[in-house]
Amino acid sequence: MKPNNREILLDPIDMTEELMSHIFDAEFGGELDANHRFFELYLNLQLFKEKMLNDERDTYVSVENDETNTAI
C-alpha cells in the first residue's frame with residue numbers, strides 16, 4: 001500500500017466540501033445533473049454544510065453576547 005500524501009481533514013465542514021467537490025468532479029463531470037443518482041446526496045450535503053455554518057455562526061454570536069452581557 002502506497003502512502004497517502006494528502007492532508008487529513010478533521011473539520012466536518014472541510015470534509016463535506018471535499019466530498020461535494022469529489023462528487024461534482026468525478027460523478028457529475030463538472031456539471032450538475034438532476035437525474036444523476038448522486039444528485040439528492042449532493043443537495044443534502046449542501047444543506048448539511050449550510051446548517052453547520054449557521055450553527056457555527058450562532059455559537060459564535062451566543063458566546064460573544066454572553067461575554068458582553070455578563071456584568072458583576
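1. Phe-28 and Tyr-42 are both buried, a term that stands for under 20% relative accessible area, with exposed meaning over 50% and partly exposed in between (1.4 Å probe, protein chains only). Phe-39 is likewise buried, as is Phe-28.

2. Phe-28 and Tyr-42 form an edge-to-face aromatic pair, with 5.7 Å from centre to centre and 90° between the planes. Rings of Phe, Tyr and Trp (its six-membered ring) are paired if their centres lie within 6.5 Å; planes under 30 degrees apart are called stacked, over 60 edge-to-face, and the rest tilted. This pair links distant parts of the chain, since Phe-28 is in the loop between H1 and H2 while Tyr-42 is in helix H2, 14 residues away. Helices (H or I, at least four residues) and strands (E, at least two) are DSSP runs, numbered from the N terminus.

3. The model is a predicted one, in which local features need pLDDT of at least 70 and side-chain atom pairs count only at pLDDT 80 or more, whereas totals for chains, interfaces and linings use all residues. Residues are numbered from 1 along each chain as its sequence is written, and side-chain values use heavy atoms, leaving out hydrogens and water.

4. How many aromatic pairs does the structure hold? There are three. In the pair of Phe-28 and Phe-39, the ring centres are 6.5 Å apart and the planes stand at 80°, so the arrangement is edge-to-face. Because Phe-28 lies in the loop between H1 and H2 and Phe-39 in helix H2, this pair ties together parts that are 11 residues apart in sequence. Ring pairs join Phe-24, Phe-28, Phe-39 and Tyr-42 into a cluster.

5. Phe-38 sits in the loop between helix H1 (12-27) and helix H2 (39-69). Is Phe-38 buried or partly exposed? Phe-38 counts as partly exposed because its relative accessibility is 22%. Leaving aside residues up to four places away in sequence, Phe-38 touches Ile-23, Glu-27 and Phe-28, where contact means heavy atoms within 4.5 Å. The C-alpha atoms of Phe-38 and Phe-28, which are 10 residues apart along the chain, are separated by 8.4 Å.

6. For the protein as a whole, the secondary structure comprises two helices and zero strands. Of its 72 residues, 15% count as buried. Among contacts between residues at least 6 apart in sequence, 39% join residues at least 24 apart.
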